[in-house]
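Q: Could we go through the ligand site together? I'd like to start with the contacts and then move on to the pocket.

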Amino acid sequence: MEPQRRILVTGARAKTGAPLARLLVARPGVEVLGGSRDPATLDLPGVVPTAFSWDEPTTWGSAIGDVDAVFVVRPDRPDAPELIAGLLGQAPEDAHVVLLSERAADYAALDRWGLRCEDAVRSGPRSWTILRPSWFMQVLTDPRFFRDAVTGDAELPFPDGGGRLAWIDARDIAAVAEVALLDSDHRGSVLELTGPEALTLEETAGLLSPLAGRPVTHRRQTVAEAVVGMDGFDLELTEMTYERVRAGAFAEVTGEVERVTGRPPRSLATFVEDVVAGLDGPPTLS
Ligand SMILES: NC(=O)c1ccc[n+]([C@@H]2O[C@H](COP(=O)([O-])OP(=O)(O)OC[C@H]3O[C@@H](n4cnc5c(N)ncnc54)[C@H](OP(=O)(O)O)[C@@H]3O)[C@@H](O)[C@H]2O)c1
């Protein structure tokens, strides 16, 4: 019998954490702790609901104190570098850490915040793998982002500046994370993850048409229009992210998903088909 490996998945309810937890529970000899601020409501068969909040350091020790590996979803807040370092400080020194970062996180803006989050993982004694994904396809069906504009108004408002995006399906990020958590081959690696194609926003909108049942069109915005209602760090991070889209930071297609998992990444057309079919994985439109 294989030895039991215990893995904590933070953000177990989230776009990448949920499909990752599902992949891991299907593996023999793996115990999956699903981190959530509200573990009683976590509905992932086979996953051990585990109290975890970045706002409550008292939850950290019991969540991470006895794991073999951990998947850390970077909290997008100014104190993230300190929070990540604090959490990992309570993990066993031989635990492996997989960090969900973002594409080309080595920008200078925000006082190198993206890099400082990664450095919190790199600078400790533990082995690590850093995942740097492009924009998730799932934001297109997330009610907090574009779902209602796409399905209600048949439009995709986006300040692209003509830039392209190599959208990635979060299920493919999860598949890479599974390998990175279980195999030792990718220790010390930074994996730049993208989907199979770099799409303009016009092409992206067109591919979303089955979600609206009529043609979806791109509505070009300015960055200022896109960030109306935001403030503080959210505003700064979002403005900077849109500026990076316009500069082409998310346009390059890499072959990393296939190299790591042995499978090509899903296309946006496949993602949309799966959402329409209500398949397990991406959020449905209901
Ligand atoms: N969206 C993109 O296109 C994109 C692209 C590249 C990188 N990223 C990165 O991916 C990460 C976000 O991933 P996601 O979109 O999958 O997440 P998400 O869907 O926004 O969900 C975030 C999760 O974090 C948990 N959470 C929220 N506040 C928390 C707190 N105070 N303490 C502990 N957990 C908390 C929530 O779980 P509970 O409610 O169960 O606690 C939730 O499930 C960010 O670091 C982002 O920068 C995103």
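A: In this predicted model, a polar side-chain atom of R13 lies 2.8 Å from an oxygen atom of the ligand.

Q: And how far is the polar side-chain atom of K15 from an oxygen atom of the ligand?
A: For K15 the distance from a polar side-chain atom to a ligand oxygen is 3.0 Å.

Q: What about W54, which of its atoms lies by a nitrogen atom of the ligand?
A: With W54 it is a backbone N or O atom, placed 2.8 Å from a nitrogen atom of the ligand.

Q: OK, how much of the ligand does the protein bury?
A: The ligand taken alone exposes 910 Å², and the protein buries 80% of that area.

Q: Which residues are closest to it?
A: The ligand is surrounded by 22 residues, and the closest of them are S36, R37, R74, D76 and F136; by class, this shell comprises nine nonpolar, five polar and eight charged residues.

Q: Switching to the pocket: where does the ligand sit?
A: The ligand sits in the largest pocket, which holds about 1700 Å³ of space.

Q: What lines that pocket?
A: Its lining has 43 residues, with K15, R74, D76, R144 and F145 nearest the centre of the pocket, and it divides into 20 nonpolar, 12 polar and 11 charged residues.

Q: Which element gives the most to that lining?
A: That is α10, with five residues; α10 spans 232-246, and both this helix and β2 (30-36) supply at least two residues each to the lining of the largest pocket.

Notes. Residues are numbered from 1 along each chain as its sequence is written. This is a predicted model: local features need pLDDT of at least 70, side-chain atom pairs count only at pLDDT 80 or more; totals for chains, interfaces and linings use all residues. Side-chain values use heavy atoms; hydrogens and water are left out. A residue is near a molecule or strand if one of its heavy atoms lies within 4 Å of it. A polar contact is a pair of N or O atoms within 3.5 Å; within protein, one must be able to donate a hydrogen and the other to accept it, and residues adjacent in sequence count only if both atoms are side-chain atoms. Accessible areas come from the Shrake-Rupley method with a 1.4 Å probe; for residues, only the protein chains shown count as cover. On a 1 Å grid over the protein atoms alone, a cavity is a set of points where a 1.4 Å probe fits but cannot get out, and a pocket is an open set with protein on both sides within 12 Å along at least five of seven lines; lining residues have an atom within 4 Å of a point. A molecule sits in a cavity or pocket if more than half of its atoms lie within 2 Å of its grid points. Ala, Val, Leu, Ile, Met, Phe, Trp, Tyr, Cys and Pro count as nonpolar, Asp, Glu, Lys and Arg as charged, and the others, Gly among them, as polar. Grid points are joined across faces, edges and corners, and a volume is the space filled by probe spheres set on the points. Helices (H or I, at least four residues) and strands (E, at least two) are DSSP runs, numbered from the N terminus.
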